[in-house]
Amino acid sequence: MPTEPPSTENDSCGCDSIPASAASLAPLASALEALRAHCILMEVENIPVSEASGRVLAEDVLAQLDVPPADNSQMDGYCARVADIGDGCWLPISQRIAAGYAPQPLGHKSCGRLFTGAEIPDGADVVIMQEEVTLRDGSDGTPEAWLPGPRAQGDNIRARGRDVVSGNRLLAAGMRLDAAALGLLGGQGLSNVTVRRKVRVALFATGDELIEPGQPLARGQIYNSNRVMLSQMLNDFGADVVIAPLKVADTFEATRDALASAADQVDLIVTCGGVSVGEEDHVRPAIESLGSIDLWRLAIKPGKPLALGRIDTLTGNAIRVVGLPGNPVSSWVGAWLFLRPLLGEMTDCHALRELPRLNVRAAFSAKTAIRQDHLRVRLAPGRDGQLEAHAFPDQNSAVLSSCAGAEALAIIPPESRVAAGDSVECLWLTH
Ligand SMILES: Nc1nc2c(c(=O)[nH]1)N[C@H]1C(S)=C(S)[C@@H](COP(=O)(O)OP(=O)(O)OC[C@H]3O[C@@H](n4cnc5c(N)ncnc54)[C@H](O)[C@@H]3O)O[C@H]1N2
Ligand code: MOO
């Protein structure tokens with residue numbers, strides 16, 4: 001049954017009751033453009049391959065070796081010449097080759113016993129798995145094998161260079177190294193690799209109501225869920241969170257001082273909360289007092305009050321500040337929509353720059369006003385096998401349960417309607 005999230009026409013956080021014309025809210029595309037402008041690129045560093053998981057490759061890596069370096073067997077069995085086997089014949093076993101040992105050239109009209117991974121001797125052009133082979137002692141006591149035929153040349157042989165050919169590009173610059181990529185580097189005998197330095201991030205949660213998990217909760221307080229969540233997301237996107245105080249007090253001075261001292265130590269500042277219009281919202285004025293605001297208030301839901309700014313540092317550079325709204329869902333969606341591409345830009349990583357898009361069938365209905373909505377959905381095949389997006393039932397920007405386990409964000413453009421069964425574009429949430 002299609003699920004119907006609350007209409008997105010009325011703002012779930014109540015903020016569409018405030019007059020906000022489309023003209024006063026910047027579209028998502030201009031925010032992404034502002035993010036890309038003034039981006040600093042991380043320098044390169046050479047690090048051990050064993051520590052390079054998740055790092056972004058700074059330069060192409062060319063293969064220096066064929067992998068495998070020689071033809072080898074992909075089965076435990078017997079190697080021989082196709083021409084000698086014909087329609088099947090008994091051949092004396094002239095040598096035994098285990099993986100790791102150099103074989104002798106294969107003698108005329110003989111076969112070799114060998115094991116998976118063993119190098120194929122010169123002269124042999126086929127391997128027959130041992131389950132198909134019968135053994136006996138020959139008239140002079142030499143063991144013989146019955147090799148059934150006919151056989152095709154190359155059967156059960158992994159040719160030299162099948163995986164990697166020396167001189168070819170092994171891995172492309174801009175790739176985020178996963179376990180398999182580390183394996184390819186290791187397979188070349190490389191112990192070090194040149195990657196982009198990790199982006200150092202300061203993460204500030206603001207709000208006097210916040211208290212750390214593990215502490216007793218007093219009236220008026222809530223646990224700080226965003227700090228642990230955003231910290232993990234930044235890590236997942238390849239950054240290093242180096243400053244993350246429990247919280248920053250809700251005053252202009254405390255906010256300004258926290259931002260100013262972090263600006264000289266990190267490459268990026270992320271704040272959460274305090275970007276809206278109340279007297280307790282000090283992030284925007286604090287950024288303005290130390291640098292400039294590029295953009296504030298977007299035509300997106302959730303995440304309307306998001307602020308993008310820059311702070312001048314002692315070195316004369318301006319570092320980027322992303323002010324995420326405090327509502328947990330607004331922070332979480334903002335991290336996917338803005339922090340991920342920004343970190344991709346700063347590390348020149350293609351995969352992080354843009355979330356993959358896919359069109360699936362909506363299993364929900366929705367309508368929007370002036371803001372583009374980003375519904376949290378699960379993806380599952382429908383009865384006909386076609387992929388469907390199932391929206392979490394409560395899409396309020398304070399309902400973090402709509403994010404845990406979400407696999408995609410369904411994009412509902414401004415001033416539009418989606419009915420169950422319509423095709424809907426989704427951003428696939430992958431690290
Ligand atoms: N008069 C108006 N009020 C609001 C508007 C508006 O346009 N006019 N916009 C609303 C929208 S939309 C959003 S989103 C929020 C964002 O406001 P802030 O970024 O200033 O966030 P806070 O007020 O600090 O917090 C909002 C909400 O989230 C809770 N919160 C904050 N930080 C955390 C945290 N680290 N962990 C868990 N929960 C957190 C906080 O207690 C509030 O409930 O503003 C609307 N208001
Ligand atoms: O919906 Mo707010 O609650 O724009 O992020």
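These legends accompany close-up views of a predicted model.

**Figure 1. Overall dimensions of the protein.** The protein has eight helices and 28 strands. Its radius of gyration is 30 Å, well over the 22 Å that the globule rule gives for 431 residues, so the protein is more spread out than a compact globule. Along the principal axes, the C-alpha atoms fill a box of roughly 100 × 55 × 45 Å.

Figure 2. The domain assignment divides the protein into three parts. Domain 1 takes residues 1-42 + 198-431. Domain 2 takes 44-66 + 174-196. Domain 3 takes 72-158. The centres of domain 1 and domain 2, taken over C-alpha atoms, are separated by 31 Å. Eight residues from domain 1 and six residues from domain 2 form the contact. On the side of domain 1 that touches domain 2, four residues are nonpolar, three are polar and one is charged.

**Figure 3. Helix α5 against helix α6.** Helix α5 spans residues 252-263, and helix α6 spans residues 283-290. Their axes come within 9 Å and cross at roughly 50°. That angle makes α5 oblique to α6. The crossing of these two helices is right-handed. From α5, the contact takes Phe252, Thr255, Arg256, Leu259 and Ala260. From α6 come Val283, Pro285, Ala286, Ile287, Ser289 and Leu290. By class, the contact of α5 with α6 has eight nonpolar residues, two polar and one charged.

**Figure 4. Helix α4 beside helix α7.** Helix α4 covers residues 225-236, and helix α7 covers residues 328-346. The two pack at an angle of about 15°, with their axes 10 Å apart. How does α4 run relative to α7? At that angle, α4 is roughly parallel to α7. The crossing of α4 past α7 is right-handed. Ser225, Asn226, Met229, Leu230, Met233 and Leu234 make the contact from α4. On α7, the residues are Pro328, Ser331, Trp332, Ala335 and Leu339. The contact of α4 with α7 holds eight nonpolar and three polar residues, but no charged residues.

**Figure 5. Helix α1 packed on helix α7.** Helix α1 runs over residues 28-36. α1 and α7 pack at an angle of about 35°, and their axes lie 10 Å apart. α1 passes α7 with a right-handed crossing. On α1, the residues in the contact are Leu28, Ala31, Leu32, Leu35 and Arg36. They meet Leu337, Phe338, Pro341, Leu342 and Glu345 in α7. Eight residues of the contact of α1 with α7 are nonpolar, none is polar and two are charged.

Figure 6. Which form does the bond between valine 67 and proline 68 take? It is a cis peptide bond, with omega of about -5°. Proline 68 sits in the loop between β2 (61-62) and β3 (72-73). Most peptide bonds are trans.

Figure 7. Lysine 301 and proline 302 are joined by a cis peptide bond. Omega is about -5° at this bond. Where is proline 302? Proline 302 is placed in the loop between β19 (300-301) and β20 (307-312).

**Figure 8. The backbone at asparagine 156.** Asparagine 156 lies in the loop between β9 (143-148) and β10 (157-158). Its phi is positive, at about 65°, although asparagine 156 is not a glycine. Most residues other than glycine have a negative phi.

Methods
Residues are numbered from 1 along each chain as its sequence is written. Chains are lettered from A and ligands numbered from 1 in the order in which they are written. This is a predicted model: local features need pLDDT of at least 70, side-chain atom pairs count only at pLDDT 80 or more; totals for chains, interfaces and linings use all residues. Domain bounds come from an automatic or database domain assignment. Two residues are in contact if their C-beta atoms, placed from the backbone, lie within 7 Å. Ala, Val, Leu, Ile, Met, Phe, Trp, Tyr, Cys and Pro count as nonpolar, Asp, Glu, Lys and Arg as charged, and the others, Gly among them, as polar. Axes are lines fitted to C-alpha atoms, for helices over the stretch in contact, and angles run from 0 to 180 degrees between N-to-C directions. Helices (H or I, at least four residues) and strands (E, at least two) are DSSP runs, numbered from the N terminus. Angles under 35 degrees count as roughly parallel, over 145 as roughly antiparallel, 65 to 115 as roughly perpendicular and the rest as oblique. A crossing is left-handed if the near helix is turned anticlockwise from the far one by less than a right angle, and right-handed if clockwise. The radius of gyration is taken over C-alpha atoms; the globule rule is 2.2 Å times the number of residues to the power 0.38.
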